[in-house]
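Here's a quick briefing to read with the model open in your viewer. Take a look at the fold before going through the points below.

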Amino acid sequence: MGEIHPFVTHFPIVLILTATLFQLIYIFQPSLVDRHTPLGLFGLSVISAILSMVSGQEAVTAVQDLHSSARSLLEQHEDAASFTVWISIILFFGWIWLYLRFPDDRRVDRIVAAFLLLLSVSVAIAGYLGGLLVMRHGVGVGLL
C-alpha cells in the first residue's frame, strides 16, 4: 500500500484547499457557491487524507536506511500530516453537527472557514515537508 502514497497524497491537499476556497467564496458571495459544496469537498478530503495517512505509514516501512536529517524531516512530515488528518476528521463531524444543529447560522460558516484556513496551512506544511523528503533526500523514489 505504501507505493500508492505518492499518488493519493495530492488529493487531500487539493480538496482541503478547494473546500477552503469555496467556503470563503460562500461567506463573501453566497450566491456564487452552494452551501453544501465545501462540505462535500471536505468530506472527500477526509476520506483521501485517511487513505494518504495509511499509505504513508506503509511507505515509511520501505525506507529504513535514512540519515538523521532525513529521519528528522520524515518525523516532522508525519507529525504535520497526522495533525491534518485528525483535525480534519474532528472538523468534518463537528461541521456536520453544527450544520444540522444551526442550519441558518452564518457564524458557523465563519468558524468553519477559520478551521479550514488552519488546515490549509497544516496540509501545505505537510506537503512541503513531503516534497523536501523526495527532492532533497530521494525518499520514496524508485519504490515502484
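A crossing of two helices counts as left-handed if the near helix is turned anticlockwise from the far one by less than a right angle, and as right-handed if it's turned clockwise. With that in hand, the crossing of helix 4 and helix 5 comes out left-handed. Keep in mind that you're looking at a predicted model.

**How helix 4 and helix 5 pack**
- Helix 4 covers residues 68–101 and helix 5 covers residues 106–137; their axes sit 9 Å apart, at an angle of about 155 degrees.
- Since angles over 145 degrees count as roughly antiparallel, that angle makes helix 4 roughly antiparallel to helix 5.
- Sort the residues in the contact of helix 4 with helix 5 by class and you get 22 nonpolar and 8 polar ones, with no charged residues.

**The overall fold**
- There are 5 helices in the protein chain and 0 strands.
- Walk along the sequence and the pattern reads α-α-α-α-α.
- The C-alpha trace of the protein chain spans about 55 × 25 × 20 Å along its principal axes.

**Contacts along the sequence**
- Take the contacts in the protein chain between residues at least 6 apart in sequence: 83% of them join residues at least 24 apart.

- The protein chain has 144 residues, and 41% of them count as buried.

Note on methods
Residues are numbered from 1 along each chain as its sequence is written. This is a predicted model: local features need pLDDT of at least 70, side-chain atom pairs count only at pLDDT 80 or more; totals for chains, interfaces and linings use all residues. Side-chain values use heavy atoms; hydrogens and water are left out. Axes are lines fitted to C-alpha atoms, for helices over the stretch in contact, and angles run from 0 to 180 degrees between N-to-C directions. Helices (H or I, at least four residues) and strands (E, at least two) are DSSP runs, numbered from the N terminus. Angles under 35 degrees count as roughly parallel, over 145 as roughly antiparallel, 65 to 115 as roughly perpendicular and the rest as oblique. Ala, Val, Leu, Ile, Met, Phe, Trp, Tyr, Cys and Pro count as nonpolar, Asp, Glu, Lys and Arg as charged, and the others, Gly among them, as polar. Buried means under 20% relative accessible area, exposed over 50%, partly exposed in between (1.4 Å probe, protein chains only). Contact means heavy atoms within 4.5 Å.
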